[in-house]
Amino acid sequence: METIALRMYGKMDLRLEKFELPEIKEDEILAEIISDTSCPSTYKEIVQGPDHPRVPKDVDKNPVIVGHEMAGVILKVGSKWKGKYEEGQKFTIQPALLYERGPVGVLSAPGYSYKYLGGLATKVVIPNEVMEQDCLLIYEGDAFYKASLIEPLSCVIGAVNAQYHTRENSYEHIMGIKRGGKTAILGGAGPMGLAFLAYLIYGPQNPSLLVITDIDDAKLQRAMKAFPKEEVNKKGIDIRFVNPTREQSYKEIKYDDIFILYPSPKLVEEADSLLARDGCLNFFAGPTDHNFIACVNFYKVHYDKHHFVATSGGNADDMKIALDLIQRGVIDPSPMITHIGGLNVARDVLLNFPNISGGKKLIYTHIRFPLSEIEDFERLSVEGPEELKDIYRDLAQIVKDNNGWWCKEAEEYLLKRGEKIDV
């Protein structure tokens, strides 16, 4: 069966290609990908190429399909998995398989390691180990893009679960944030920051004070729109949005839990100075610099019981929690999306990732469509390409009726009206 996919051949070498998929084996599944969302981890992958721990060394000869925040539909099930999975079911995948393969011990992951499985493709072959690791998750929600956002939400859940505190005169670790405590998210008004806010407000682990800092006013305004203070206050949470270039009062508070979402030594050192006794700092932002160094106060590590953790991704259990929260509508991840586009723009999005502002870029793999900022739809309905003006006009009205956020109705409309992808 033919597929169109964005494949990586080496560092910053991405190619959109059409090729044949092999016939599936009895322990494999053939699937169609509908959506995939952008992730900084994919940019780090293409910057490092074969130097990345999840990328095969021979990627130049055996290219891999990139993208791991995927959602799609099962097309054909091999005999081994019939009964557990069915044709027509919607799905997402937990990419952290923790599955070692090959002579060099690559920790394989969809979107990093596989010739025939990644999110930026029209059709894929899902190998046996994905199902063996229970990482193919059936999705029963109302929109594909929400399923694509389950994986990033699971990363947040994993980070919150990794926090820990202690009891005096005890070696027991109390996992999770301090309930009813004070939490800060530094550099946290981007898409992952919004996921943190959603989980800490509507999930099972809630602080009494939640402070979000960011130097980008546009991101802060978006976060405030997504999580209005008056609504959050009803949950018993005092939420504060702070631009540290203008406001410093947040530094007068000692926090039980701090999450760092931007890889800056200065931010690490600031967080270290803001920890309360028995406080836990999570360095969530993964740096690309192998020699990333910051100074921390080990006097306080020793006498004030400061803790440091770092997480990268969630596990299958975190994915299942995220899946449940999104399927039931407890958490709506829609504010994370700022741009939409077709598979034709995925290469440019990834190669220019640091230079494109905003939140998640949502790619629909079966259509050809320019990368478009949701807030720009109304302008594009007048100034955009003539053949797309009516589409932008209709999308502008649909998202306006949904408080400005991307939604199921917008997805269905675009999938129906968008030009079919080809190369």
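Okay, hi everyone. Before we look around, keep in mind that this is a predicted model.

Let's start with the sheet. Three strands make an open sheet, and the order across it is S2-S1-S4, with antiparallel pairing. Strand S2, residues 13-20, and strand S4, residues 64-65, are at the edges with a single partner strand each, so one side of each has no neighbour in the sheet. If you're new to this, strands of a sheet pair through backbone hydrogen bonds, and that can be parallel or antiparallel.

Now zoom in on strand S1, residues 2-10. How many bridges join S1 to S2? Eight, and the two strands run antiparallel. To find your place there, look for Ile4, which stands opposite Lys18 in S2.

There's also a charge over a ring to look at: the charged end of Arg15 sits over the ring of Tyr9, 3.8 Å from the ring's centre. A second case is Lys225, which lies over the face of Trp405, 4.5 Å from the ring centre.

On to rings with rings. The count of aromatic pairs is ten. Take Tyr299 and Tyr303: their ring centres are 4.7 Å apart and their planes are at 40°, so we call this pair tilted. Both lie in helix H9, residues 298-303, and they're four residues apart, about one turn of the helix. Are they buried or exposed? Tyr299 is exposed, at 56% relative accessible area, while Tyr303 is partly exposed, at 48%.

Last stop: Tyr364, Phe369, Phe377, Tyr392 and Trp406 together form one aromatic cluster. Thanks, that's me done!

Notes
Residues are numbered from 1 along each chain as its sequence is written. This is a predicted model: local features need pLDDT of at least 70, side-chain atom pairs count only at pLDDT 80 or more; totals for chains, interfaces and linings use all residues. Side-chain values use heavy atoms; hydrogens and water are left out. Two strands pair if DSSP finds at least two bridges between them. Rings of Phe, Tyr and Trp (its six-membered ring) pair if their centres lie within 6.5 Å; planes under 30 degrees apart count as stacked, over 60 as edge-to-face and the rest as tilted. Buried means under 20% relative accessible area, exposed over 50%, partly exposed in between (1.4 Å probe, protein chains only). A charge sits over a ring if NZ of Lys or CZ of Arg is within 6 Å of the ring centre and within 35 degrees of the ring normal.
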